[in-house]
Amino acid sequence: MLTQIINGHILTPQGWMKDGSVLISDGKILEVTNSDLAVIGAKVVDAKGMYIVPGFVAMNIHGGGGFDFSDCTEEAFEGAVAAHQRYGATTIFPTVLARDLAKIEQAAEVCERVMKKNEGPVLGLHIEGPYLNPKMAASLFIDRESDPDPAGYEEVLERTRCVRRWDASPELPGALEFARHLKAKGILAAISHTEAEFDLIRTAYEAGFTHAAHFYNAMPGFHKRREYKYEGTVESVYLMNDMTVEVIADGRHLPPTILRLVYKLKGVERTCLVTDALACSANEGKPIDDPRIIIEDGVCKLADHSSLVGSIATMDTLVRTMVQKADIPLADAIRMASETPARLMGVSDRTGTLQKGKDADVVILDRKLNVRAVWSMGRLVPGTDTLA
């Protein structure tokens, strides 16, 4: 079926297009044009002057709608995906927290089944752990050190094909060799839960750690040891000009001033917006059943208040925060939620921008930046058509 979305402000790679239209057919974008004249045979959708933007790419997301990707079941994958699609996430890389390699193999098996069964929106897997510094990881998730061992991770990656990103702490023995292996495989290697300072960050970047997970969180900034001051991971990442970052832009993990600083120093093409969302996100306000976690002040915390832990944010929340609180231009906020993560995750050939031939992943936002309609691979996501 041919669908024509008209009468909106369309974000294209060249900038905003006013009063054009997006034509969708067979799950793909047939054309983006500056004409909104009705096309014969098309179902016409009137955007009523709202924003027509590319669907969001969720590259760090643990679950939603009461489902946790780390449960490693098709039900969990499909339930969490469906929950976040309603908030504009049309491409999702499920994040699985792995305490051991067996968990990764289990997750990859499920992920590959889901990818074969449903064309989009799952385009690969994001692994966090087990190679994390336990001093910098909440004990809820990682309570012991596990150093990268080629005999383990090489075998896992030989048997799986869906891993697109893997996070680790670069200070662990064997981590640099691990990053080199990921780079050779075309897998994004990200530093995470780390105490690394400048020399190690520079070495890690050269080895293949080109991305920083949940920037500022679970990593130190400028600090003092006795009478001397030292750069932290944060400053070191800033000094790696081409190192990319992601921020949990819920307004709680980082204040708007820091979000604006990241945008100013790293820029649109090196900054991604991520939710780091837990199962309790996109869950219609239902209580969580894990006594170790509480929701307070709009964010997830360990019950003892010792640490933030994930979020309840959805992708549209991040865009609103960047625009309404951090004073970032809307086009740039959208790009950081769609175009940039699509490029980093290696799927920019099919999504991330509204262009002819790409997947028909389209979101309509109203003037307050609330989601009013979502198309994923050309299919209207149930419960999102609120344009009438």
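1. Asn217 sits in the loop between strand S13 (209–212) and strand S14 (223–225). Helices (H or I, at least four residues) and strands (E, at least two) are DSSP runs, numbered from the N terminus. Asn217 counts as buried, at 15% relative accessibility. Buried means under 20% relative accessible area, exposed over 50%, and partly exposed in between (1.4 Å probe, protein chains only). Leaving aside neighbours within four places in sequence, Asn217 is in contact with Ile248, His253 and Leu254. Contact means heavy atoms within 4.5 Å.

2. A word on the basis. This is a predicted model: local features need pLDDT of at least 70, side-chain atom pairs count only at pLDDT 80 or more, and totals for chains, interfaces and linings use all residues. Residues are numbered from 1 along each chain as its sequence is written, and side-chain values use heavy atoms, with hydrogens and water left out.

3. Asn217 is also annotated. The unreviewed UniProt entry gives "binding site" for Ala151, Asn217, Ala218, Arg225, His253, Leu308, Val309 and Gly310. These positions spread over 160 residues of sequence and, in space, up to 37.5 Å between C-alpha atoms. UniProt positions are given in the numbering used here, feature names are shortened, and annotations may be inferred rather than shown by experiment.

4. Arg225 is another position under that annotation. Arg225 lies in strand S14 and is partly exposed, at 40% relative accessibility. Not counting residues up to four places away in sequence, Arg225 touches Glu197 and Tyr230.

5. Is the annotated "active site" residue, Asp276, buried or exposed? Asp276 counts as buried, at 7% relative accessibility. The "active site" label comes from the unreviewed UniProt entry. Asp276 is placed in the loop between S17 and strand S18 (293–296). With residues up to four places away in sequence set aside, Asp276 touches Asn60, His62, His214, Ile248, Gly310 and Ser311. Gly310 also carries the "binding site" annotation in the UniProt entry.

6. Next, the largest pocket. Its volume is about 590 Å³. The lining has 21 residues, of which Asp68, Ala279, Asp290, Arg292 and Ile293 lie nearest the centre. By class, the lining holds nine nonpolar, four polar and eight charged residues. Ala, Val, Leu, Ile, Met, Phe, Trp, Tyr, Cys and Pro count as nonpolar, Asp, Glu, Lys and Arg as charged, and the others, Gly among them, as polar. On a 1 Å grid over the protein atoms alone, a pocket is an open set of points where a 1.4 Å probe fits, with protein on both sides within 12 Å along at least five of seven lines; lining residues have an atom within 4 Å of a point. Grid points are joined across faces, edges and corners, and a volume is the space filled by probe spheres set on the points.

7. How many salt bridges does a search of the whole structure find? The search finds 23. A salt bridge is a side-chain nitrogen of Lys or Arg within 4 Å of a carboxyl oxygen of Asp or Glu. Glu74, Glu78, Glu109, Arg113 and Lys117 are linked in a network of salt bridges.

8. Arg335 and Glu269 meet at 3.6 Å, N to O. This pair links distant parts of the chain, 66 residues apart: Arg335 is in helix H9 (residues 330–337), Glu269 in the loop between helix H7 (256–266) and strand S17 (271–274). Arg335 is partly exposed at 22%, and Glu269 is partly exposed at 48%. Asp359 and Arg350 meet at 2.7 Å, N to O. Asp359 is buried at 3%, whereas Arg350 is partly exposed at 24%. Arg226 pairs with Glu227, the closest N and O atoms being 3.5 Å apart. Arg226 is exposed at 78%; Glu227 is partly exposed at 47%.

9. Helix H8 (residues 315–325) has these buried residues: Met315, Asp316, Leu318, Val319, Arg320, Thr321 and Met322. Their cover includes strand S6 (56–61), strand S9 (89–97), H7, S17, H9 and strand S21 (371–376). Just after H8, Asp327 takes a positive phi of about 60°.

10. Strand S9 holds Phe93. Phe93 is buried, at 0% relative accessibility. Its contacts, apart from neighbours within four places in sequence, include Val57, Met59, Leu123, His126, Arg164 and Met345.
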